[in-house]
Amino acid sequence: MEQMSMFDTDIPQPLAARLRPQSLDEYEGQTHLLGQGKVLRRLIESDQVSSMIFWGPPGVGKTTLAKIIANCTKASFIDFSAVTSGIKEIRNVMERAENNRLSGDKTIVFVDEIHRFNKAQQDAFLPFVEKGSIILIGATTENPSFEINNALLSRCKVFVLQALGTKELVSLLTRAIRDKRGFGDQTVSISDEMLEMISAYANGDARNALSTLEMVILNSEVDSHGAVTVTKETIEQCISKKSLLYDKKGEEHYNLISALHKSMRNSDPDAAVYWLARMLEAGEDPLYVARRVIRFSSEDVGLADPKALEIATAAYQACHFIGMPECSVNLTQAVVYMSLAPKSNALYAAYEHAKKDAVSQLAQPVPLVIRNGETRLMQDLGYGKGYQYAHDTHEKITNMQCLPDSLLSAEYYIPTDQGLEAKYKTRLEKIKAWKQEHR
């Protein structure tokens, strides 16, 4: 097995490098791929890896997985960075890989930041992947669908790595304190609350979390016996978040998201952007905020401006694609749009009203006319009998009954006069008038 400089160095390393997992048992996170019996774990343990792409945000373990594969495989393992390598370097590597193939040996080529290769550089890999000269493993923070050539991508299995959760990061930090590769030879006093603060600040990035922990410990007070005591003030100084840190599961978490929601509802973009910044700069998960904005787009805007849902969903996708800090402007766009949009809670009210009836009248049968008569018995029982296909009518509506008898007069959706919903209100009134006339 051959390993390059990425795997061996005599230069003093930072904590994140010293504590880099050497095996799958030490690896933190990605249980959906590496849990017992999961496909990627089986491939690595059986030394049967095929060409693949690791896609995920920074600090989630893409390069670490490559190192673990290097430790496990009997194949020749070559790695190089897309930042510093060009066509010449690729051809040299391919020549070595082809010689290995002719000798009956496998070659695994790991390319870090593979999205930085241009089309010509990526094309240089293609023939060697096709004929099996190499097994290509690429790591990227960018969406492979946009950054990797289709021909090359179609020959690789894409594994999506997820940002680490707070529990996983706390577990990692705890191991760093106890492990001799970390601070295991020292006495370090740090509370679980402080570990959670560091984890929240890291925002799913293990490397960031470990680097912050190292900086905090190195800047903490040491007593005469060499014991280190970490204080909240030291953490706040190291990450410059004194007034912003908060427990994502605590009261302040819910206070701030409530403040954002109610500021948007009150059409106050300045306040909404402020509360957004308070959360993001305190380390809140941007996807959590984006999900709340999506909810707001239907709960408080709805059909008054149907485009609000599109904007909110697009902001969530942007947060997923690029993460913090870049996605802060995408969320700002969505939050300001929601603040300025006309407001209607008619959809929220409609569902809440319907939910009460649904829960209290669970036994109400579906009218026979709108049931599917899939079998002869169902047809004999009257399923679908008298069904009217709206598209066959000139008006594109019918007088067919769709609610149970006990709810025949129920009205759930009551549109407002706000924004575009006024148009839908007029449309609904015409539909109801037509049905009343043709009842």
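This is a predicted model: local features need pLDDT of at least 70, side-chain atom pairs count only at pLDDT 80 or more; totals for chains, interfaces and linings use all residues.
View 1. With a relative accessible area of 13%, Glu299 falls under the 20% cut-off, so it counts as buried. Leaving aside residues up to four places away in sequence, Glu299 touches His261, Arg265, Ser344, Asn345 and Tyr348. Look also for Arg295: its side chain makes a polar contact with the side chain of Glu299, at 2.8 Å.

**View 2. Asp285 in the loop between H14 and H15.** Helix H14 covers 269-281, and Asp285 belongs to the loop that lies between it and H15. Asp285 has a relative accessible area of 26%, and since that is between 20% and 50%, this residue is partly exposed. A polar atom of the Asp285 side chain lies 3.0 Å from the backbone nitrogen of Leu287. For scale, the C-alpha atoms of Asp285 and Gln317 are 14 Å apart, while the two residues are 32 apart along the chain.

**View 3. A nonpolar surface patch that includes Tyr389.** Val366, Ile370, Tyr387 and Tyr389 together make this patch of about 380 Å². Pick out Tyr389 in the loop between helix H19 (376-380) and helix H20 (421-437). Is Tyr389 buried, partly exposed or exposed? Its relative accessibility is 44%, so Tyr389 counts as partly exposed.

How values were computed:
Residues are numbered from 1 along each chain as its sequence is written. Side-chain values use heavy atoms; hydrogens and water are left out. Buried means under 20% relative accessible area, exposed over 50%, partly exposed in between (1.4 Å probe, protein chains only). Contact means heavy atoms within 4.5 Å. A polar contact is a pair of N or O atoms within 3.5 Å; within protein, one must be able to donate a hydrogen and the other to accept it, and residues adjacent in sequence count only if both atoms are side-chain atoms. Helices (H or I, at least four residues) and strands (E, at least two) are DSSP runs, numbered from the N terminus. Patches are made of residues with over 30% relative accessible area and no salt bridge: like charges are joined within 9 Å, nonpolar side chains (Val, Leu, Ile, Met, Phe, Trp, Tyr) within 5 Å. Accessible areas come from the Shrake-Rupley method with a 1.4 Å probe; for residues, only the protein chains shown count as cover. A salt bridge is a side-chain nitrogen of Lys or Arg within 4 Å of a carboxyl oxygen of Asp or Glu.
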